Amino acid sequence: MIEREQVLHVARLSRLKLSEEEVAALEHELSSILDHVDRLTEIDVEGVEPTSHVVPLENVLRDDLPRPSLDRDRALEGAPDPHDGAFRVPSPQAEA
Amino acid sequence: MAEHELLAATATETAGLIADGVVSSDECLNAWLDRAAEDRLNGYLWKADRAAAMRGVDPDSGAPGAGVPVAVKDIFCTTGVPTTAGSRILEGYIPPYTSTALSRLSASGMPMIGKTNMDEFAMGSSNENSAYGPVLNPWDHGRVPGGSSGGSAAVVAGRLAPWALGTDTGGSIRQPAALCGIVGLKPTYGAISRYGMIAFASSLDQCGPLTRDVTDAALMLSRLQGRDEMDSTSVGIEGGVELPSAVDLNGLRFGIPADLIGEGLEAGVRKVFEQTTAAIERLGGSIESIALPHSDHGISAYYVLAPAEASTNLARYDGVRYGMRESEDDLVSMYEETRGAGFGPEVKRRIMLGTYALSSGYYEAYYGRAQRVRTMIVRDFDKAFGQVDFVVTPTSPTVAFGLGEKTGDPWTMYLNDLYTVPMSLAGIPAISIPAGTAGPAGGGPELPVGFQIAAPAFAEQSLLEAAFALEREIGFEQEPQEVER
Amino acid sequence: MSSEQELEAVIGLEIHVQLSTRTKMFCGCELSFGDRANVHTCPICLAHPGVLPVPNRTAIEYALLIAAALECEVAPRSIFHRKNYFYPDSPKAYQISQYDVPIAGAGRLGDVRIHRAHLEEDAAKMVHVGHHRGRIQGSDDSLVDFNRGGTPLVEIVTEPDLRSGAQVREWGQLLRATIRQLGVSDVNMEEGSLRCDANVSVRPVGSDEFGTKTEMKNMNSFRFIERGIEAEVARQKELIASGGQVVQETLHFDPATGELHSLRSKEEAHDYRYMPEPDLVPVVPTRQMLDAAAAALPELPAERSQRYREELGVSEGAALKLSFDLEWAEFFEGVIAHHPEIEPRAAANWVTGEFAAELRKQGDQALGETVVTPDSLGALVRLVGSKRISHSSAKAVLAEMVADGADPLEVVEERGLEQISDSGELEKIVAQAIDENPAPAEQVRSGNEKAIGALVGAVMKATQGRADGGEVTRLLRRDLGL
């Protein structure tokens, strides 16, 4: 079961603004999905290694050789708020 | 030659006509641009003009398939062409680079006729999660084409493109191919570069062809596959891929996972599946029962792993560097409002699910456990392939369902992937071929049914040979009815 | 805790080292410092949709070199993780880093144990600027520059083995000299290519337990770190002595005021949701990679300092100075290589003493800029060692050498600086000095030995510094009946 507080906490972690309706729906939907997912606890996974990759590769590395960078104008072309050659954002809450 | 003949030809046949000088590549492109312009299925999100279609294309490549235009799922980044991944958050985004997969097709002389509609960030099995409206199934406009490569499947089935490029994370090529009555191939993870393909779940995503027949799938795969230095996880297919030519299945063993073929399978789909296994036997293949004891947990594992990877892959859509931005108040509001307004409900649901599964205190219970179950599913397949050459299942438990029919309950929608997800988790190649038609459970005109064949990793050539022989034996020739609603 | 108990500081360090590869950790953009904003970016380091990271081979090799220098155990197989957090300096909203399986495990440098060292990518740079249109009150803007974003970093984490700010400074300088010697980083703290955070706590002397620690962030010189840590240790001791408790927090030390400020994040506690990076495959250092790192390992400062002291008899101070800077060490070794007959101890003292001082005096020259060669400096040291010129003459010669690259022997000959070696001549001058300075002579005779200085001075004046001070003193004492 997922409580409303958990929905709000996870939404904050995910940086998602949710409407009241969305919060209510997610509380229900996530609980229902996790009920199904919880069937995984039926499986004995003791001693089984996790798989994060199915490709049997290692040491795939790149030589330290420069490739062309983007023109600055190109890099900033789609930016919502380009300013003075940089990407402008609202400042993070002052930390000091 | 008459235009309707050109449009009826497969991509491979068309390439032959161009190579033989029967039609010029220009005539071919014009004919298909005209067709795409008549999109009645909401299959395209962007349509090329001649100049845009030819951008980056080598007209003299002389490569197999040269001159045959291709429709491309809007998940592939394309320099100078809008790329949205079906999401509002990327509205107006124009990438400064092109994906490796599309570059390879361009280098092979294939123009791009358009970008196809899709479920937002490839999350969905019905194409109803597109921010730009659902795609209609060309067999019945009241039904879904499947997803997430619904646009790619619909434009090929509806003769709005000769063939198309799609992506498959848990079934997103195979399931829409099945629901639209065409061929869809998900290659082995690592066979084709993922560079420039917008990530959903990085350890599962793989692109592949949606085509009229198995030969076309082989032809496109042969151009796409290969190691790419821009993708650390790409391998390519050793020895390449050739057009298939097998005429029988003598001596080949096909395994049916008894654990998977159970409830939830529509009667009509079951019947077509049984007819197809009978066809295998007629061709000299044998049918055996195999055990994939953990595969029915595939959906559960998948709906932890894929959302978890997605939650971090989609974190970059933050309103800072590209795409839309909402609110200028303060940083946190900017993030939350941009993402809250930019993502649709299914994407939010999966981000939430994935964030939860990775969050402090839950990681081992969900993500860690799902990764271990994945290991067990991989081992199940290893063991099965010690016994048989191929694993076969229906591609989807149902035929195309009605628009809006399954949007009420996420888990019901997720069960569409029951047969396709285990192969994705194992990273092995699988193909869906049209195997017949069946009436939907609630009554109505006949709809196509797909048959899925899976093979061991990098055994694409033998998979294509088997699918080719079976395709001939089945002789599926029905055309979409375009039932209007 | 009783306030009478003696408390000791317990300090551990986290050091970020920017690697001086040509390109970034996961893309081909060139590294730079001080260029215009956002001119070294590409779809990969701007985290455009669909891009993938590919690790820089040289960065892995540099990390292995650092691991070798710090005597770390190298993981047979290490992987990358995603560390998730939203911040404009992190374009993917996750940093690719190493988590539970870092490339380098336990090691040691000097008397401090290394906990681990791992590879990761640097964040972009943010500059806070003023207020602009449309913002709610009190909210400013920041500008993000992605040039630095994706620079390869090695993070070195020590065990909490350090006990004072002074020890942190000394050890930090040793670490910096060691990394500089490897040639894998500029280790420039002001430019941020070496950054140091310290975890500080106090506990009763003899205790095995740890007190609550505070974290001191981003101090940009080892002097400031020393002062900052001393201030924080004093604060914690005072707090505990007065019955208070240390609160876990992050602190900033202001070197201008000597004050500590708490950096309190207004956001909730971080939950980084580490997960294995699915876009990358494991790093499995091969025998060949490990052998290459071992072979590339130069003589490191700690080792060199020991060799200078034990094998060459160099004084401790000079040995430290020489071993912390390869350029100076090479110069010194050049001096003794050209002149095997001179004492290494004397050569080391001349190089780090008079020579270094003269370079500073004449326009603060760097060693690389001087016209003086190891051979000519050696020749000068040799002239002093063989007593052909006096120490004070030698200083005058050195000044000319530093000024225009003069040959020491030529200067000595031109200016007639050679010591008076004819003992008969020196005896005459000594006798004359005693005659001309009766007062100090009498004082010496009556037991005030210090007064001999005035007579030595008189002899030196008469000889224009060309007399051997030792010999002059010996003759004076003899003649004055001591």
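This is a predicted model: local features need pLDDT of at least 70, side-chain atom pairs count only at pLDDT 80 or more; totals for chains, interfaces and linings use all residues.
**Entry 1. Chain A against chain B**

I began with the contact between chains A and B. I found 42 residues of chain A in contact with 54 residues of chain B. I then looked up which elements of chain A give two or more residues to that side, and they are α1 (4-14), α2 (20-37) and β2 (86-90). Helix α2(A) gives the most, with seven residues. By class, I recorded 25 nonpolar, nine polar and eight charged residues on the side of chain A that touches chain B.

**Entry 2. Chain C against chain A**

I turned next to the contact of chain C with chain A, where 44 residues of chain C meet 35 residues of chain A. On the side of chain C, α1 (57-69) and β7 (141-145) each supply at least two residues. Strand β7(C) gives the most to this side, with five residues. The residues of chain C here divide into 20 nonpolar, 13 polar and eleven charged.

I followed β7(C) into its sheet. Four strands form an open, antiparallel sheet in the order β1(A)-β2(A)-β7(C)-β6(C). I noted that β1 (82-83) of chain A and β6 (125-129) of chain C are the edge strands; each has a single partner strand, so one side of each is left without a neighbour in the sheet. The pairing between the chains is that of β2(A) with β7(C), antiparallel over four bridges. In this pairing I located Arg88(A) opposite Leu143(C). Within chain C, β6(C) and β7(C) pair in the antiparallel sense over five bridges. There I found Asp141(C) of β7(C) as the bridge partner of Val129(C).

**Entry 3. A sheet within chain C**

I also looked up an open sheet of three strands in chain C, which has the order β3-β2-β13 and antiparallel pairing. Its edges are β3 (94-97) and β13 (275-276), each with a single partner strand, so one side of each lacks a neighbour in the sheet. Strand β2 (residues 81-84) of chain C runs antiparallel to β3(C) and is joined to β3(C) by four bridges. The bridge partner of Arg82(C) is Ile96(C) in β3(C).

**Entry 4. Domains of chain C and the end of a helix**

I checked the domain assignment of chain C, which gives domain 1 (7-293), domain 2 (299-415) and domain 3 (423-479). Taken over C-alpha atoms, the centres of domain 1 and domain 3 of chain C are 63 Å apart.

I then examined Gly385(C), which is in helix α9 (residues 374-385) of chain C. Is Gly385(C) buried or partly exposed? I counted 17 other C-beta atoms within 10 Å, and Gly385(C) is therefore partly exposed; a buried residue would need 20 or more. Leaving out residues up to four places away in sequence, Gly385(C) touches Ile342(C), Glu343(C) and Ala346(C). I also noted a C-alpha separation of 9.6 Å between Gly385(C) and Ala347(C), which are 38 residues apart along the chain.

**Entry 5. Two covered helices of chain B**

I looked up the burial of helix α5 (residues 100-107) of chain B. Six of its eight residues are buried, so α5(B) is largely enclosed by the rest of the structure. I listed the buried residues as Thr100(B), Ala101(B), Leu102(B), Ser103(B), Leu105(B) and Ser106(B). They pack against β2 (70-73), β3 (112-116), β4 (164-168), β6 (206-211) and α8 (214-224) of chain B. Just after α5(B), I noted a positive phi of about 85° at Gly109(B).

Helix α6 (residues 150-157) of chain B is mostly covered, with eight of its eight residues buried. Among them I recorded Gly150(B), Gly151(B) and Ser152(B). Just after α6(B), Arg159(B) takes a positive phi of about 60°.

**Entry 6. A helix pair in chain B**

From α9(B), I listed Thr276(B), Ala279(B), Ile280(B) and Arg282(B), which meet Leu470(B), Glu473(B) and Ile474(B) in α16(B). The residues of this contact comprise four nonpolar, one polar and two charged.

How values were computed
Residues are numbered from 1 along each chain as its sequence is written. Chains are lettered from A and ligands numbered from 1 in the order in which they are written. Domain bounds come from an automatic or database domain assignment. Two residues are in contact if their C-beta atoms, placed from the backbone, lie within 7 Å. Ala, Val, Leu, Ile, Met, Phe, Trp, Tyr, Cys and Pro count as nonpolar, Asp, Glu, Lys and Arg as charged, and the others, Gly among them, as polar. A residue is buried if 20 or more other C-beta atoms lie within 10 Å of its own, exposed if 12 or fewer, and partly exposed in between; C-beta atoms are placed from the backbone. Two strands pair if DSSP finds at least two bridges between them.
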